[in-house]
Amino acid sequence: MKVNKAELLITAVKQSQYPEEGPLEIALAGRSNVGKSSLINTLINRKNLARTSSKPGKTQTINFYNINDQFRFVDLPGYGYAKVSLKERKKWGKMIENYLVNRKTLAEVFLLVDIRHSPGEHDKVMYDWIKSFGFNGIVIATKADKISRGKQAKHISMLQRELGVENRELIIPFSATKKTNKDKIWNVIKEILMV
Ligand code: GDP
């Protein structure tokens, strides 16, 4: 897809700030630092529209990005940051669940996990939520450049087993640095949007 327009609509901390439902939304979930911002930036060919940082975020926000007035990327708050209090974690859970349950224009949720590591408890809960809400359960295995190509299949099998992914094809290895599978992810998005 040719991206002519990409803009941050809002960084929302509460539901009343969400933009009105409009174009379909594709949400990105995953732990802090997994590479959500990098995925967005790579897909839209921008260096820094979505903020990337090596410091996992403290503020829990939902960021809405308008792409071509055609659809939206919705960057859900990252989880798994050890220094976040239990109260904050509960707030995180409510915020995400509320969005997933109520958003009528939500077309799909991508779960991002680091290809190198076993998924954490939050990843598993998130994946179960995604499936239970009736989405396909597409997993993007990030930072694929950090392991050798030869080891990829083994890591994909590990992710499939540990998350309980029905079909291996639903797991897409991705590298923001090498742009691996950028086109493949765009094709998945186009299928979701039916364009
Ligand atoms: P977010 O918190 O999920 O939005 O994660 P970011 O996109 O900010 O990425 C966190 C860190 O991982 C940053 O230092 C990125 O440069 C790095 N990173 C993200 N994607 C990749 C990737 O595909 N390969 C490598 N090597 N580093 C990555």
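Trainee: Which elements do the buried residues of α1 pack against?

Mentor: A note before the answer: the model is predicted. The buried residues of α1 pack against the strands β2 (25–30), β3, β4 (71–75), β5 (106–114) and β6 (138–142), and against α5 (182–193).

Trainee: How many residues of helix α1 are buried?

Mentor: Start with the helix itself. An α-helix has 3.6 residues a turn, so residues three or four places apart point the same way. Helix α1 spans residues 36–43 and is mostly covered, with 7 of its 8 residues buried. They are Lys36, Ser37, Ser38, Leu39, Ile40, Thr42 and Leu43. Just after α1 comes asparagine 45, which has a positive phi of about 60°.

Trainee: How does β1 run against β3?

Mentor: The two run antiparallel, and 6 bridges join β1 to β3 (residues 62–67).

Trainee: Which strands pair with β6, and in what sense?

Mentor: β6 pairs with β5 in the parallel sense over 5 bridges. β6 also runs parallel to β7, joined by 3 bridges. For examples of facing residues, valine 113 has alanine 141 in β6 as its bridge partner, and valine 139 stands opposite isoleucine 171 in β7.

Trainee: Which helices belong to the β-α-β units here?

Mentor: Follow the chain from strand to helix to strand. β5, helix α3 (residues 121–132) and β6 make a right-handed β-α-β unit. β6, helix α4 (residues 149–163) and β7 make a right-handed unit as well.

Trainee: Why is β6 described as largely enclosed?

Mentor: Count the buried residues in the strand. For β6 the count is 5 of 5, so the rest of the structure largely encloses it. Both faces are covered: Ile138, Ile140 and Thr142 point one way, Val139 and Ala141 point the other way, and all are buried.

Trainee: Which residues of the largest nonpolar core touch the most other members?

Mentor: The general idea is that, in soluble globular proteins, nonpolar side chains tend to be buried together. In this structure the largest nonpolar core has 39 residues, and those touching the most other members are Leu28, Leu111, Leu112, Val139 and Ala141. β5 gives the most to this core, with 5 residues. Take leucine 111 as a case: leaving aside neighbours within four places in sequence, leucine 111 is in contact with Ala29, Gly30, Asp123, Met126, Tyr127, Ile130 and Val139.

Trainee: Is phenylalanine 71 buried or exposed?

Mentor: Count the C-beta atoms around the residue; 20 or more others within 10 Å make it buried. Phenylalanine 71 has 22, so it is buried. Phenylalanine 71 lies in strand β4.

Trainee: What does phenylalanine 71 touch?

Mentor: Not counting residues up to four places away in sequence, phenylalanine 71 touches Pro23, Leu24, Glu25, Ile26 and Leu193. As for glutamate 166, 95 residues apart from phenylalanine 71 along the chain, the C-alpha atoms of the two are separated by 27 Å.

Conventions
Residues numbered from 1 in each chain as written. Predicted model: local features only at pLDDT ≥ 70, side-chain atom pairs only at ≥ 80, totals over all residues. Pairing = 2+ DSSP bridges. Helix = DSSP H or I, 4+ residues; strand = E, 2+ residues; numbered from the N terminus. Buried ≥ 20, exposed ≤ 12 C-beta atoms within 10 Å, placed from the backbone. Contact = placed C-beta atoms within 7 Å. Core = buried A, V, L, I, M, F, W, Y, C linked by C-beta atoms within 7 Å. Right-handed = clockwise from strand over helix to strand, strands pointing away.
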